Amino acid sequence: MPEYSDETIKSVLGSVKTVAIVGVSDKESRASHFVMKYMQGKGYRMIPINPQLAGQTLLGEKVYPDLKSIPEKVDMVDIFRNSEAAGVLSDEAIAIGAKVVWMQLGVVNDAAAARAEKAGLTVIMDRCPKMEYSRFSGEFGWVGRNSRIIDNRRKQLGAGRASLARDAIGRGKGTL
Amino acid sequence: MNIHSKLSDYGFNTLSVHAGAAPDPTTGARATPIYQTTSYVFDDTDHAASLFGLQSFGNIYTRIGNPTQAVLEERVAALEGGTAALAVASGHAAQMLTFQALMMPGDEFIAARQLYGGSVNQFGQAFKSFGWNVKWADARDPESFRRQLSSKTKAIFIESIANPGGIVIDIESIGAVAKEAGVPFIVDNTLATPYLIRPVEWGADIIIHSLTKFLGGHGNSIGGVIVDAGSFDWSRTKKYPMLSEPCPSYHGIKMHETFGDMAFAITCRVLGLRDLGPAISPFNAFLLLTGIETLPLRMQKHCENAKAVAQHLSRHAKVSWVSYANLPNDPCYGLAQTYCPKGAGAVFTFGVRGGYEAGVKLVNNVKLLSHLANVGDTRSLIIHPASTTHRQLSDEQKSAAGAGPEVVRVSIGIEDVSDIIADLDQALAA
């Protein structure tokens with residue numbers, strides 16, 4: 001599992017606003033579906049990408065067949081595809097000017113990550129943004145998750161992305 | 001060493017005090033409040049639907065989770081180096097939910113014979129009515145576990161420091177058998193606590209505790225916990241359908257696919273606890289959590305006192321033998337140096353000269369040690385198994401269970417050790 005500092009992940013989640021989610025499913029039981037719904041609830045603009053569903057509406061957003069068809073600026077590309085497919089998608093993320101490539105749990109493509117980083121993007125692999133968001137917002141503790149975070153200030157549980165962005169980053173080891 | 005053992009930048013003492021806790025979001029209360037409520041309001045029907053569908057985390061009903069309980073869970077998960085935990089009504093409840101997530105009628109699991117008597121009953125008697133069959137092995141012989149493997153084996157279960165005599169087990173070797181067989185390795189870490197042994201570092205996939213004992217530590221609350229090490233691949237085969245296959249009561253969600261390295265803890269909560277119901281009370285969770293804050297200090301003192309008492313008894317004219325792994329001539333001494341160099345716990349047995357009558361006389365004459373059937377209390381405890389917990393067994397069975405007529409078990413507390421020794425001396429002399 002690649003390692004990322006809490007500061008790196010928190011900085012990504014606090015700075016991006018528009019996220020293209022590639023490989024999102026229209027089935028409610030699929031993780032990709034409820035990651036999209038969850039992130040919407042936290043104030044992120046989620047743009048679904050799925051060639052099979054192109055042109056339809058998913059969770060209130062128009063579905064595009066691929067990244068280059070999105071008519072607006074995208075901050076982050078979240079990849080729900082296998083590690084091999086993630087390579088091409090990561091290159092497309094560079095091409096459309098995204099700032100972050102995020103590969104889901106179990107998805108790792110080191111060569112693609114190196115290309116994206118060389119192009120100036122931040123790359124996170126083998127992580128889930130919903131789980132990471134829950135960890136930083138304190139929601140993860142509700143299900144006994146070891147968040148690895150100790151915090152001496154009260155926080156607003158379940159808060160939206162704006163509060164994550166407002167938080168000072170780098171207040172010291174493990175704090176939010 | 002398992003990668004999951006490094007899940008925090010903080011030291012053990014800091015985690016014991018802080019992990020999982022933060023100032024209360026509403027009031028700023030610094031101590032974790034007791035959320036004495038059954039239920040929690042939903043923002044709207046959409047919020048309720050996403051909670052019930054496991055699409056968001058949040059509080060629904062205290063049978064499934066409670067904010068005080070959640071702090072306790074994260075605390076223990078952090079101390080054990082696991083990914084997540086679930087606190088329940090008792091150690092027995094933790095075992096029941098663990099096996100319910102793994103077993104179908106007709107399945108088998110292998111357990112060490114050297115277990116807490118209550119677990120021997122639960123596995124050997126109660127589980128029979130669910131069609132779950134236990135096969136016994138010898139905790140001192142890792143190969144005896146391999147001999148019991150079959151196509152129906154779903155798990156291997158041991159205690160890290162085992163009842164009744166406080167013997168230290170070769171955890172890593174037995175874990176290797178489980179790993180080769182492709183079944184989860186479950187370790188009951190009650191008598192050691194993560195202060196002495198972290199089973200995750202020796203290959204455990206699931207760790208179980210009776211929180212009632214040293215973790216809570218004050219003899220005031222019953223509780224149990226299941227810790228998910230996050231190390232087992234539940235989807236590699238279809239042997240664990242509750243974790244790997246679509247779940248009918250959650251719209252076809254696959255637990256392992258959806259919850260990754262905390263799938264076991266989530267499954268035990270949202271299926272086992274939801275449907276079978278052994279929830280911990282918020283008040284007990286609070287007391288146990290408060291106890292854990294001083295775990296490192298208490299365990300250090302428990303171990304120091306136990307070693308001093310064991311040394312004293314080993315030289316006592318009225319004591320024929322002492323079974324304590326931290327005595328240099330004990331058969332477990334080598335394993336204790338490997339697995340628990342900080343100490344061998346505080347529960348051990350010894351034999352009194354004069355057999356059954358001498359054992360009865362000792363427990364009837366102590367004035368400071370409490371005669372009761374628990375371990376892991378601040379108070380020193382004593383019991384004569386042959387006349388109490390093991391009374392119903394034949395003499396042969398008693399000896400096989402390590403509860404022969406002369407055997408006395410103690411759980412050494414954190415009082416002044418000179419007082420504990422003086423009390424045992426006067427009772428042995430009486």
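Reply: What follows goes from confidence to the domains, and then to the chain interface.

This is a predicted model, in which local features need pLDDT of at least 70, side-chain atom pairs count only at pLDDT 80 or more, and totals for chains, interfaces and linings use all residues. Residues are numbered from 1 along each chain as its sequence is written, while chains are lettered from A and ligands numbered from 1 in the order in which they are written.

The model scores ipTM 0.85 and pTM 0.91. Over residues 1–7 of chain B, pLDDT stays under 50.

Chain B is assigned domain 1 (3–292) and domain 2 (296–429); such bounds come from an automatic or database domain assignment. Their C-alpha centres lie 29 Å apart. Between them, 23 residues of domain 1 of chain B are in contact (C-beta atoms, placed from the backbone, within 7 Å) with 30 residues of domain 2 of chain B. On the domain 1 side, helix 1 (12–18), strand 6 (167–168) and helix 8 (193–196) of chain B each supply at least two residues. Helices (H or I, at least four residues) and strands (E, at least two) are DSSP runs, numbered from the N terminus.

As for the chain interface, 28 residues of chain A are in contact with 40 residues of chain B. Helix 2 (residues 31–41) of chain A gives the most to the chain A side, with four residues.

Terms used:
pLDDT is the predictor's confidence in each residue, from 0 to 100. Two residues are in contact if their C-beta atoms, placed from the backbone, lie within 7 Å.
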